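The sequence and structure come first, followed by notes grouped by topic.

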Amino acid sequence: MTVGLKRVYEPPSRADGTRILVDRLWPRGLSKDKAQVDLWLKEVAPTTGLRQWFNHDPEKWPEFQRRYRDELLANGEAVSELKAALASGRATLVYGAKDEEHNDAVVLAAFLDGA
């Protein structure tokens, strides 16, 4: 299963397919109309405690990935809901983080691909 990744602040395009927001919090300063999110699955995002611990610190990246994968394995219902949404065709996981390499959507996409 291949999904796209995109910052929610980037302009939407037809190539995005279904736009799924995978952050626990709504992106700052962005209206729902402008975001054009089709589905918001905040339950698949890292827990508040993990998100606050990580705080987008690249030095914590390896440990964040491990902890978030553990959370995903324990959160089968939310992962199943995401997989069901992805089964209908092209989809893009959208996220609010500025760092495009060290964020929860990157880990989630790799998890879905079985990496």
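By about how much of a helical turn are Trp61 and Phe64 separated in helix H3? The two residues are separated by about one helical turn, being 3 residues apart in helix H3 (residues 61–74). Helices here are DSSP runs of H or I with at least four residues, strands are runs of E with at least two, and both are numbered from the N terminus. This is a predicted model, in which local features need pLDDT of at least 70 and side-chain atom pairs count only at pLDDT 80 or more, while totals for chains, interfaces and linings use all residues. Residues are numbered from 1 along each chain as its sequence is written, and side-chain values use heavy atoms, with hydrogens and water left out.

The ring centres of Trp61 and Phe64 lie 5.9 Å apart and the ring planes are at 25 degrees, so this pair is stacked. Rings of Phe, Tyr and Trp (its six-membered ring) pair if their centres lie within 6.5 Å; planes under 30 degrees apart count as stacked, over 60 as edge-to-face and the rest as tilted. Trp61 is buried at 11% relative accessible area, and Phe64 is buried at 2%. Buried means under 20% relative accessible area, exposed means over 50%, and partly exposed is in between (1.4 Å probe, protein chains only). Trp61 and Phe64 belong to one aromatic cluster with Phe54 and Tyr68.

## The Trp26 and Trp40 pair

The structure holds 5 aromatic pairs. In one of them, the rings of Trp26 and Trp40 have planes at 75 degrees and centres 5.2 Å apart, so the pair is edge-to-face. Trp26 is in the loop between strand S2 (18–21) and helix H1 (32–35), and Trp40 is in strand S3 (residues 39–40), so the pair ties together parts that are 14 residues apart in sequence. Both residues are partly exposed: Trp26 has a relative accessibility of 24%, and Trp40 has a relative accessible area of 29%.

Each of these rings also has a lysine over it. The charged end of Lys32 sits over the ring of Trp26, 5.5 Å from the ring centre. The charged end of Lys42 sits over the ring of Trp40, at 4.5 Å from its centre. The criterion is that NZ of Lys or CZ of Arg is within 6 Å of the ring centre and within 35 degrees of the ring normal.

## Asp23

Asp23 is found in the loop between S2 and H1. Asp23 is buried yet has no salt bridge, and the nearest side chain of opposite charge is that of Arg51, 8.0 Å away. For charge, Lys and Arg count as positive and Asp and Glu as negative; His and the chain ends are not counted.

Which backbone nitrogen does the side chain of Asp23 reach? It is that of Gly96, at 2.6 Å. Beyond neighbours within four places in sequence, Asp23 is in contact (heavy atoms within 4.5 Å) with Trp40, Lys42, Ala45, Tyr95, Gly96, Ala97 and Asp104.

## Salt bridges

Side chains of opposite charge can pair when their charged atoms come close. A salt bridge is a side-chain nitrogen of Lys or Arg within 4 Å of a carboxyl oxygen of Asp or Glu, and the count by this rule is 6. One of them joins Asp16 and Arg19, at 2.8 Å from N to O. Asp16 is buried at 5% relative accessibility, and Arg19 is buried at 3%.

Arg66 forms a salt bridge with Glu63, with closest N and O atoms 2.6 Å apart, and another with Asp70 at 2.9 Å. Within helix H3, Arg66 is 3 residues from Glu63, about one turn, and 4 residues from Asp70, also about one turn. Arg66 is partly exposed at 42% relative accessibility, as are Glu63 at 27% and Asp70 at 39%. Glu63, Arg66, Arg67 and Asp70 are linked in a network of salt bridges.

## Positive phi values

Most residues other than glycine have a negative phi. Gln36, which is not a glycine, has a positive phi of about 50 degrees. Gln36 is placed in the loop between H1 and S3 and is partly exposed, with a relative accessible area of 47%.

Asn55 also has a positive phi, near 50 degrees. Asn55 lies in the loop between helix H2 (48–54) and H3 and is exposed, at 57% relative accessible area.

Technical notes: Polar contact = N/O pair within 3.5 Å; in protein donor to acceptor, adjacent residues only side chain to side chain.
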